[in-house]
Amino acid sequence: MSTIIYEEEAVADLWSDSVGGIMGIRELMPKTLEGQITMEKTPSYFVTREAPARIAAMSRDTKLIVVVRDPVTRAISDYTQTLSKKPDIPSFESLTFKNRTTGLIDTSWSAIQIGIYAKHLDNWLQFFPMRQILFVSGERLISDPAGELGRVQDFLGLKRIITDKHFYFNQTKGFPCLKKAEGSSKPHCLGKTKGRTHPNIDPEVVQRLRDFYRPFNMKFYQMTGHDFGWD
Ligand SMILES: Nc1ncnc2c1ncn2[C@@H]1O[C@H](COP(=O)(O)OS(=O)(=O)O)[C@@H](OP(=O)(O)O)[C@H]1O
């Protein structure tokens, strides 16, 4: 049987040379026994330039899992998260453009930059073959969580233990939830910070962003061999 051990996002800073870089992080990660898989979950790795080389230097066999969703919705979700912490930030519409009159998009804004998946994937492919990378569809994770987790289990070479039986759709939350949380007999939904209501964004700005991302999405579908259906 395989046990999965999670590490937290805080580990990200620990890659820095000041704490011993790769060797430092190795010391901090739990020891992995035969039959166990050690996992670390840090969303920012996917968009961090140095991450592929550093992870490859630690182990070329590492398997990588990335959840991707429609980059336009992702940008709005990202903005919604920042807004919840800093209510005084400018509108989504004004942050989107370098110059609203010319329609020039500010690709240096992280909410926009992160969704250019093809560009980030290019960096990873310099160090890892595509067969070691799994892209999970954020949309399917909501519409068919068991199906998407089936792909994850197959990719990790695990028996399909998590199935439809483990989920139910919670009408109040508007998302799938677990029938039983681990080590408990009670249902479990993700917390309040997951599944926030997004603000309404000017449809013209949304359309402009759709047009902006289309070529990058097409490239991404080509690279992964999978149409995520965002266009
Ligand atoms: N089952 C279930 N329950 C609740 N939310 C779900 C679920 N599955 C996927 N999602 C989507 O996850 C989004 C939040 O994940 P993030 O990775 O953005 O969160 S975080 O950055 O780690 O806070 C969150 O994005 P927002 O809707 O923008 O809040 C959800 O759409």
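**Exercise 1. Task:** State which residues of helix H2 (residues 51–58) are buried, and determine how they are placed around the helix axis.

**Solution.** Step 1: Ala51, Pro52, Ile55 and Ala56 are the buried residues of H2; buried means under 20% relative accessible area, exposed over 50%, and partly exposed in between, with a 1.4 Å probe and protein chains only. Step 2: These residues lie on the same side of H2, because they cover an arc of only 125 degrees around the axis; the arc is that of the directions from the helix axis to the C-beta atoms. Step 3: The buried residues of H2 pack against helix H6 (117–125), where contact means heavy atoms within 4.5 Å. Helices (H or I, at least four residues) and strands (E, at least two) are DSSP runs, numbered from the N terminus.

The model is predicted: local features need pLDDT of at least 70, side-chain atom pairs count only at pLDDT 80 or more, and totals for chains, interfaces and linings use all residues. Residues are numbered from 1 along each chain as its sequence is written, and side-chain values use heavy atoms, with hydrogens and water left out.

**Exercise 2. Task:** Identify the elements against which the buried residues of helix H8 (residues 145–155) pack.

**Solution.** Step 1: The buried residues of H8 include Pro145, Glu148, Val152 and Phe155. Step 2: The partners of the buried residues are strand S3 (64–68), strand S6 (133–137), helix H7 (138–143), strand S7 (167–170) and S8. Step 3: After H8 comes Gly157, with a positive phi near 70 degrees.

**Exercise 3. Task:** Describe the surroundings of Asp78.

**Solution.** Step 1: Asp78 belongs to helix H3 (residues 71–85). Step 2: Asp78 counts as buried because its relative accessible area is 18%. Step 3: The side chains of Asp78 and Arg74 make a polar contact (2.4 Å). A polar contact is a pair of N or O atoms within 3.5 Å; within protein, one must be able to donate a hydrogen and the other to accept it, and residues adjacent in sequence count only if both atoms are side-chain atoms. Step 4: Apart from neighbours within four places in sequence, Asp78 is in contact with Ala111 and Ile114.

**Exercise 4. Task:** Characterise the shell around the ligand.

**Solution.** Step 1: Among the residues that surround the ligand are Arg69, Ser77, Pro176, Gly195 and His198; a residue is near a molecule if one of its heavy atoms lies within 4 Å of it. Step 2: The shell divides into 4 nonpolar, 4 polar and 4 charged residues. Here Ala, Val, Leu, Ile, Met, Phe, Trp, Tyr, Cys and Pro count as nonpolar, Asp, Glu, Lys and Arg as charged, and the others, Gly among them, as polar. Step 3: A side-chain N or O atom of Ser77 is 2.6 Å from an oxygen atom of the ligand. A side-chain N or O atom of His198 is 2.6 Å from an oxygen atom of the ligand, and a backbone N or O atom of Pro176 lies 2.9 Å from a ligand nitrogen atom. Step 4: H3 and strand S8 (175–178) are the elements that give two or more residues to the shell.

**Exercise 5. Task:** Locate Gly195 in the chain and in space.

**Solution.** Step 1: Gly195 lies in the loop between S8 and helix H9 (203–224). Step 2: Gly195 counts as partly exposed because its relative accessibility is 42%. Step 3: Gly195 and Ser77 are 118 residues apart in sequence, and their C-alpha atoms are 8.8 Å apart in space.
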